[in-house]
Amino acid sequence: MKIPVNTGRPYTVTVERGALDQVGPLAAQLKRSGAKALLVSDSNVAPLYGDRVEASLKTAGFQTRRFVFPAGEEHKRLETVMDIYRALAEGGFTRTDFLVALGGGVAGDMGGFAAATFLRGMDFIQVPTSLVAQADASVGGKTGVDLSFGKNLVGAFHQPIAVVSDPEALSTLPQRYVNDGLGEVIKHGCIADPALFEALEEGAVLEDWENVVARSVAIKRDFVEADTRDTGRRMILNFGHTCGHALEKLHRFQGLSHGEAVGAGMLLACRAGEKLGVTAPGTGERLRRVLERYGLPTEPGFSVREIVEATALDKKSDGETVRFILIKDIGESLIRPMTREELLEALE
Ligand code: MG
């Protein structure tokens, strides 16, 4: 499946079984023959798929180099970016060359950031191998790294020239990482796609990754494209994230993955929405069953007061007002500005 994305510079997301072998031919449609490609990947993914991707680039006429960093979020930092710059400089890379980020969110965020900043910006192709990277991070153009005092504090918007997603790569993903990605997939169903949500309810998604990833990418694309026309729709993608980010913070970014936190956050948003009379009764219960089905936590583990207090530091809040995202029903979302007091009352 090919999903065109029109945000800034247009590009195509290819979602196909076996697409890992298509990276070279797809790059050949966009880059001149003989260009250099730096394959950036981590120590988990490189041994699994590095050779295949590199072989397909070589066969398509590119010169390749490989940069492998130790797997783990703790390596998504400027020191590692410095090592990528060194590999690019030593390899004599110019702005006509490109970078290929192969792996999960860390490889995409950090490889994309290196590409955004080396020589003031070079092309990069994203080859996501985790569910969250395929279904969520492959659209939006956000790249960046963590600093010791906060996550994703340094970054740049930089669109890839192509995204190549192979759903077969998901088969090597540990279950917990699949569930982590499902948090965002469930979110996409909640905010825009009742059919996707029903497929999740029936458990049908587990045999149909190609469609699930493609659907998810298309939904995110629609919201992100709408925002370039300045309608503020992109905020909707934050469903479950206000409380989710607060929970991640309360858990000190350990023991609770982003997708798990978003799952618990969506459930809180549904319960608040039902109490406010905005969300159709029973929606929270449907969501709770889906979260449970995929092994995502349904209890936040903190009091609502602690959670609401922790939202105060969210970078997406301005002062006392939280632009809280609610759903009317599965597939229908809205933005509801609320003070922290109102939010606390709705959640209690
Ligand atoms: Mg998210």
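This is a short tour of one predicted model, stop by stop.

Residues are numbered from 1 along each chain as its sequence is written. In this predicted model, local features need pLDDT of at least 70 and side-chain atom pairs count only at pLDDT 80 or more, while totals for chains, interfaces and linings use all residues, and side-chain values use heavy atoms, with hydrogens and water left out.

**The sheet**

Start with the strands. Helices (H or I, at least four residues) and strands (E, at least two) are DSSP runs, numbered from the N terminus. Two strands pair if DSSP finds at least two bridges between them. Seen in order, the 7 strands of an open sheet are β1-β2-β9-β6-β5-β3-β4, and the pairing is mixed. Select β1 (2-5) and β4 (63-69): these stand at the edges with a single partner strand each, so one side of each has no neighbour in the sheet. From one strand to the next, the twist averages 20°.

Strands of a sheet pair through backbone hydrogen bonds, either parallel or antiparallel. Now select residues 98-103 (β5) and 123-128 (β6), which pair in the parallel sense over 6 bridges. Which residue in β6 is the bridge partner of Leu 102? It is Val 127.

**Helices across the sheet**

Contact here means heavy atoms within 4.5 Å. Angles run from 0 to 180 degrees between N-to-C directions, and axes are lines fitted to C-alpha atoms, for helices over the stretch in contact. Next select residues 105-117: helix α4 lies across β3, β4, β5 and β6, at about 165° to β5.

Move on to the loop between α4 and β6, where Leu 119 is placed. Its phi is near 55°, a positive value in a residue other than glycine. Leu 119 counts as partly exposed because its relative accessibility is 37%; buried means under 20% relative accessible area, exposed over 50%, and partly exposed in between (1.4 Å probe, protein chains only). Arg 120 is in the loop between α4 and β6, has a positive phi of about 65° without being a glycine, and is exposed at 77%.

**The magnesium ion**

Finally, select the magnesium ion. Glu 184 (OE), His 241 (NE2) and His 258 (NE2) coordinate the ion at 2.0 to 2.3 Å. Donors are N, O and S atoms within 2.8 Å of the metal (3.2 Å for Na, K and Ca); water is not among the atoms, so sites may look incomplete. Along the sequence, the donor residues are spaced E-x56-H-x16-H. Glu 184 in helix α6 (residues 175-192) and His 241 in helix α9 (residues 241-250) are 57 residues apart, and the pair links distant parts of the chain. Are Glu 184 and His 241 buried or exposed? Both are buried.
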